Amino acid sequence: MKFNPDYSNKESLLSLYQKPLLELVFEAATIHRKYHNPREVQMSSLLSIKTGGCPEDCGYCPQAARYHTDVDAEGIMKVEDVLEQAKNAKSNGSSRLCMGAAWREVKDNRDFDKVVEMVQGVNDMGMEVCCTLGMMSENQAKRLKNAGLFAYNHNLDSSKEFYSDVISTREYEQRLDTIDNARKAGISVCSGGIIGMGETEEDRIGLLMSYMEMENPPESIPINALVAVEGTPLEDQKPIEQWELIRMVATTRIAFPNSIVRLSAGRTKMSMEAQALCFMAGAGSIFAGDKLLTTPNPEFNEDKEMFSILGLVAKESFADGEQPTTNPDPILIEKKRIAAEREAAYLKAKQNKSNKSFTPRTVTKVDTLDG
Ligand code: SF4
């Protein structure tokens, strides 16, 4: 069941969200058990492959170039370094790698070629690959799909009404277009929001309503709590209560029974007991590793201990969908062919030059300047 028909309008969803907490958790747990294995939680890793220097103005984000934060702009990571990190994440139990680049949009340049190679490499390792690269055209989405991309993350962040309080450099509609482009390319969609940015409960429900209005809701819905970072416009936001995060996870679980609800940023502020309630209420994934792009996150070992105490098991990759095939990328092949041709021409020219025998001119006294 993609949508829960009992909660398909704003009023019913809001009254669900406002139910007595334990009733809400019980209802969510019941749905979760019907559609998912409640002991399985996917461990995903989030890797910033291109950090900082972003031209956008998302009010929560320390990577926006215009804010004075501790995050410095860096170039894109090397493909081999990303593959090494993916290998480490896999050996620590992660079955999904999400690669994030602080871009407004994907551009058809050498950096994107590198992302394509990263996707190919990580998919070949048997991990689910997700990317979050900003806005993306349908052709770019097809290229990523062809490389073996499993999912594309593009959050709506909040309700359409509240969105413009936080972001002004791109429209809500543009976000919807990118999600649509991922869908058209046959890529699984990961899209969710952030709570604690100053929005109302109605805005939280408004976010879920945006997904209700889609023909197909996202297969994966991350729920984040704001991590207020110094230097961003939201630096003074009061942290949300853990109960609010539990409510949001539970409401999302009930509204979209088939989707994976991901308990994402904000876990460092949660007790293990609160996280346990989130798992009970249907969270089916966490991000593992000590960093979430640029903000802190619990370490692998802490999560392993929590899994052991709560009796959770790490979910295998591709439990919710077939592994995409990694196909050769025609653009990379063509670029490599041209580069090889140029290299060969250069070597040939160098060889010809060194083969030419050098016969010095006979210098007579007349040719010299010393008279
Ligand atoms: S959230 Fe993404 S698009 Fe927005 S400023 Fe940060 S890196 Fe840029």
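Alanine 319 is partly exposed because 14 other C-beta atoms lie within 10 Å of its own. By the burial definition, a residue with 20 or more other C-beta atoms within 10 Å of its own is buried, one with 12 or fewer is exposed, and one in between is partly exposed, the C-beta atoms being placed from the backbone. The structure is a predicted model, in which local features need pLDDT of at least 70 and side-chain atom pairs count only at pLDDT 80 or more, while totals for chains, interfaces and linings use all residues. Residue numbers run from 1 along each chain as its sequence is written.

Alanine 319 belongs to the loop between β12 (313-314) and α12 (330-355). Helices (H or I, at least four residues) and strands (E, at least two) are DSSP runs, numbered from the N terminus. The C-alpha atom of alanine 319 is 9.9 Å from that of serine 95, although 224 residues separate the two along the chain. Phenylalanine 318 is placed in the loop between β12 and α12. Its phi is near 60°, a positive value in a residue other than glycine. Phenylalanine 318 is also partly exposed, with 15 other C-beta atoms within 10 Å.

## Overall architecture

The protein chain contains twelve helices and twelve strands. Its C-alpha trace spans about 110 × 40 × 40 Å along the principal axes. Of the 371 residues in the protein chain, 44% are buried.

Among contacts in the protein chain with a separation of 6 or more, 80% are between residues 24 or more positions apart. Two residues are in contact if their C-beta atoms, placed from the backbone, lie within 7 Å.

## Packing of α3 with α4

Two packed helices are described by the angle between their axes and the distance between the axes. Here axes are lines fitted to C-alpha atoms, for helices over the stretch in contact, and angles run from 0 to 180 degrees between N-to-C directions. Helix α3 (residues 79-91) and helix α4 (residues 110-124) have axes that come within 9 Å and cross at roughly 30°. Helix α3 is therefore roughly parallel to α4. Angles under 35 degrees count as roughly parallel, over 145 as roughly antiparallel, 65 to 115 as roughly perpendicular and the rest as oblique.

The crossing of α3 and α4 is right-handed. A crossing is right-handed if the near helix is turned clockwise from the far one by less than a right angle, and left-handed if anticlockwise. On the α3 side, Val79, Val82, Leu83 and Ala86 meet Lys114, Glu117, Met118, Gly121 and Val122 of α4. The residues of this contact divide into six nonpolar, one polar and two charged. In this classification Ala, Val, Leu, Ile, Met, Phe, Trp, Tyr, Cys and Pro count as nonpolar, Asp, Glu, Lys and Arg as charged, and the others, Gly among them, as polar.

## Packing of α1 with α8

The axes of helix α1 (residues 10-17) and helix α8 (residues 201-212) cross at roughly 125° and come within 10 Å. The two helices are therefore oblique to each other. The crossing of α1 past α8 is right-handed.

In α1, Lys10, Leu13, Leu14 and Tyr17 meet Glu201, Glu202, Arg204, Ile205, Leu208 and Met209 in α8. By class, this contact has six nonpolar, no polar and four charged residues.

## Surroundings of the ligand

The shell around the ligand consists of Cys54, Glu56, Cys58, Cys61, Gln63, Ala64, Ala102 and Gly134. A residue is near a molecule or strand if its C-beta atom, placed from the backbone, lies within 6 Å of it. Five residues of the shell are nonpolar, two are polar and one is charged.

## Further loop residues

Alanine 281 lies in the loop between α10 (272-280) and β9 (283-288). It counts as buried because it has 28 C-beta neighbours inside 10 Å. Beyond its neighbours within four places in sequence, alanine 281 is in contact with Val25, Ala28, Ala29, Ile246, Val249, Ala250 and Arg253. Alanine 28 is 253 residues from alanine 281 in sequence, yet their C-alpha atoms are 5.0 Å apart.

Aspartate 157 occupies the loop between β4 (151-153) and α6 (160-166). Although not a glycine, aspartate 157 has a positive phi of about 75°. It is buried, with 24 other C-beta atoms within 10 Å. Methionine 270, in the loop between β8 (260-263) and α10, is partly exposed, with 18 other C-beta atoms within 10 Å. Not counting residues up to four places away in sequence, methionine 270 touches Gln242 and Gln275.
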